[in-house]
Structures are given as structure tokens and as C-alpha cells.
Amino acid sequence: MTVYEFAKGLILEAGNNVTKIMQQEIEIETKSNPNDLVTNVDKATEKFLFDNIKKTYPNHAVIGEEGHGHDLSETSGVVWVVDPIDGTLNFVHQQENFAISIGIFKDGEPYAGFVYDVINNVLYHCKAGEGAYENERLLPTLIEDILEKSIIGINPNWLTKPKLGPMLQPIVEDSRSARAYGSAALEIVYVATGKLGAYITPRLQPWDFAGGMIILNEVNGRATNMLGEPLSILHPNSVVVANSSLHENLIHNYFDNYKDTLIALHERFK
């Protein structure tokens with residue numbers, strides 16, 4: 001069994017466990033602020049993934065949202081980047097619109113990506129260089145499109161920030177419309193499937209984007225930070241994902257005007 005096949009089976013099993021735990025009482029805690037939630041399901045799912053990965057591949061490294069691998073400083077060998085529940089607020093309040101996400105890297109290069117929409121039983125997955133799939137349907141290459149005809153994924157809270165609002169508001173105004181789904185992993189795969197033209201956020205953790213980014217690469221989408229630089233799995237990043245032409249438009253016609261602000265922003269992430 002390859003690492004890809006093992007990971008595919010593991011994420012499906014983790015999703016099955018989540019649906020079982022959801023039938024019981026969910027225990028909720030706060031982390032950095034009252035809106036930064038973690039549940040017993042997040043913790044149990046990450047432990048299940050971590051334990052099974054390390055049991056099968058003891059030499060592989062794991063970075064997980066709920067504490068595993070946060071001290072990792074380099075990307076040699078095989079690294080799993082795991083988000084047990086991406087969209088915890090949605091999970092708590094809606095019991096839907098959340099996903100399990102896994103990105104696997106070999107010596108810093110993408111190897112395989114998985115985003116599992118548990119409630120809808122839809123698995124987005126890929127092995128680098130072999131195309132991306134929605135369950136067993138091969139995803140087509142992204143169609144190039146312009147901002148004026150695109151729906152943009154963006155959290156409206158960012159538009160209220162004094163330094164970020166002036167940067168992001170023109171993008172929303174020039175787009176066809178904007179949406180916020182509350183799960184970065186799902187929003188990135190929505191770009192990969194063409195449901196969104198782009199997804200933009202000033203700050204995102206590696207476990208939020210790793211799996212979706214690898215899937216997006218397979219349909220010729222682009223994922224960088226707001227400076228147009230490659231995303232790092234070792235620290236937070238700003239994130240811009242889109243089809244190639246729209247991505248170039250966003251970087252050069254919108255974010256280039258705020259380089260000094262963005263450089264300062266990214267320095268705080270490292």
C-alpha cells in the first residue's frame with residue numbers, strides 16, 4: 001500500500017468516526033479568544049490521525065492544528081500537515097460546512113492532498129502529477145476568468161480592519177460578488193472546482209491550506225501569499241488562490257500597491 005492509498009483510507013475512516021462522535025454531546029473549549037473554538041471532536045480526530053500515521057510511518061513528521069509538530073523548523077523527509085476539523089465554528093453552530101484536511105509533502109515538495117467534506121461524503125483528493133478528483137470524478141483544468149465575472153471567497157471581518165479594508169474592498173467591489181463559507185479548506189477546493197473564482201485571506205495556518213493547495217495545483221490553479229511568494233508549511237501565511245489569470249490580476253493590480261504593508265504583515269508571521 002502506498003502512502004497515498006493509506007492516507008485516503010485514513011481520512012475516510014476519520015470522517016466516519018466524526019459522524020459517530022457527533023451523535024454524542026460535543027464538548028467546546030476556547031483557545032486564543034472566545035471565537036477560537038476547539039472541541040473534543042477536533043482533539044480526538046487529530047489524535048486518531050496522528051497515532052495511525054506514526055504507527056504506520058514512525059519516521060514521518062506530523063504538523064497538526066491541536067498541537068502536534070508546531071516546533072517543526074524544516075521540511076526534509078515526509079511531512080503530514082493535518083487539520084482534524086477545518087471550520088470548527090461551522091461544526092459547532094451548523095453541524096456542516098467543515099472538513100478534514102491532509103497535505104503530505106516529501107522533502108518540501110507536494111506529494112498528496114485530501115479535503116474531506118464529511119457531512120456530504122465528498123472527498124477531494126490528488127497525488128501530485130496525477131490529476132485531482134472529487135470522489136472518483138477527475139476534475140478538469142480550471143477555466144481562466146476575470147474578476148468582474150468571478151465570485152470571491154473572503155471573510156467579511158477582514159474588510160473592517162483599518163489596514164486591510166482599503167486593500168480588500170476594491171477587490172470585492174470589482175468582483176461579481178463575494179461569499180464566506182467559514183472553512184478555508186473547502187473554499188480552496190471550491191476554487192479548484194470552479195465554484196469560486198478566488199479565495200483570499202490575510203492570515204492562514206498551514207494546516208488550513210496544505211491539502212487544498214496541493215489539489216488546486218493539479219488543476220493548474222495558483223496559490224501564493226499576497227506578495228506572490230510560495231506558501232510555507234512552517235508558519236502562517238496570507239493566501240491568494242485563483243485560476244492563473246485571475247491570480248496574476250489580483251497580485252499585480254491590487255496587492256502590489258500595498259507591498260510595504262504586506263511585507264510588515266508577513267514579517268510578523270515568521
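**Burial, strand pairing and ring contacts in the predicted model**

At 1% relative accessibility, Val-191 counts as buried. This residue has its place in helix α5 of a model that is predicted. Along the chain, Val-191 and Gly-221 are 30 residues apart, and their C-alpha atoms are separated by 8.0 Å.

The volume of the second largest pocket is about 290 Å³. Its lining comprises 17 residues, and those nearest the centre are Leu-142, Ile-143, Gly-194, Lys-195 and Leu-196. Sorted by class, the lining of this pocket holds 7 nonpolar, 6 polar and 4 charged residues.

Strand β14 (residues 237-243) has 7 of its 7 residues buried, so the strand is largely enclosed by the rest of the structure. Two strands were found to pair with β14. Strand β12 (residues 198-204) pairs with β14 in the antiparallel sense, over 5 bridges. Within this pairing, Thr-201 has Val-239 of β14 as its bridge partner. Strand β13 (residues 221-224) likewise pairs with β14 in the antiparallel sense, here over 4 bridges. In β14, Val-241 is the residue opposite Ala-223.

An open sheet of 7 strands was also identified, with the order β3-β4-β5-β6-β7-β8-β9 and mixed pairing. Its edge strands are β3 (61-64) and β9 (137-138), each of which pairs on one side only. Strands β3 and β4 run parallel and are joined by 4 bridges. Ile-63 stands opposite Val-81, a residue of β4.

The search of the whole structure gave 5 aromatic pairs. One of these involves Phe-6 and Trp-80, whose ring centres are 6.1 Å apart and whose planes lie at 80 degrees, so the pair is edge-to-face; planes over 60 degrees apart fall in that class. Because Phe-6 lies in helix α1 (residues 3-21) and Trp-80 in strand β4 (residues 78-86), the pair ties together parts that are 74 residues apart in sequence. Both Phe-6 and Trp-80 are buried. Ring pairs link these two residues and Tyr-57 into a cluster.

Helix α1 also contains Thr-19. At 28% relative accessibility, Thr-19 counts as partly exposed, whereas Phe-6 is buried. Thr-19 and Tyr-199 are 180 residues apart in sequence, and the C-alpha to C-alpha distance between them is 28 Å.

Backbone geometry was examined in the loops on either side of β5. Most residues other than glycine have a negative phi. Asn-97, which is not a glycine, has a positive phi of about 60 degrees. Asn-97 is found in the loop between α3 (88-93) and β5 (99-106) and is partly exposed, with a relative accessible area of 28%. Asp-107 is likewise not a glycine, and its phi is positive at about 50 degrees. The loop that holds Asp-107 runs between β5 and β6 (109-117). Asp-107 counts as exposed at 56% relative accessibility, the cut-off being 50%. Another contact concerns Lys-106, which lies over the face of Tyr-111 at 4.2 Å from the ring centre.

Conventions. Residues are numbered from 1 along each chain as its sequence is written. This is a predicted model: local features need pLDDT of at least 70, side-chain atom pairs count only at pLDDT 80 or more; totals for chains, interfaces and linings use all residues. Side-chain values use heavy atoms; hydrogens and water are left out. Rings of Phe, Tyr and Trp (its six-membered ring) pair if their centres lie within 6.5 Å; planes under 30 degrees apart count as stacked, over 60 as edge-to-face and the rest as tilted. Buried means under 20% relative accessible area, exposed over 50%, partly exposed in between (1.4 Å probe, protein chains only). A charge sits over a ring if NZ of Lys or CZ of Arg is within 6 Å of the ring centre and within 35 degrees of the ring normal. On a 1 Å grid over the protein atoms alone, a cavity is a set of points where a 1.4 Å probe fits but cannot get out, and a pocket is an open set with protein on both sides within 12 Å along at least five of seven lines; lining residues have an atom within 4 Å of a point. Grid points are joined across faces, edges and corners, and a volume is the space filled by probe spheres set on the points. Ala, Val, Leu, Ile, Met, Phe, Trp, Tyr, Cys and Pro count as nonpolar, Asp, Glu, Lys and Arg as charged, and the others, Gly among them, as polar. Two strands pair if DSSP finds at least two bridges between them.
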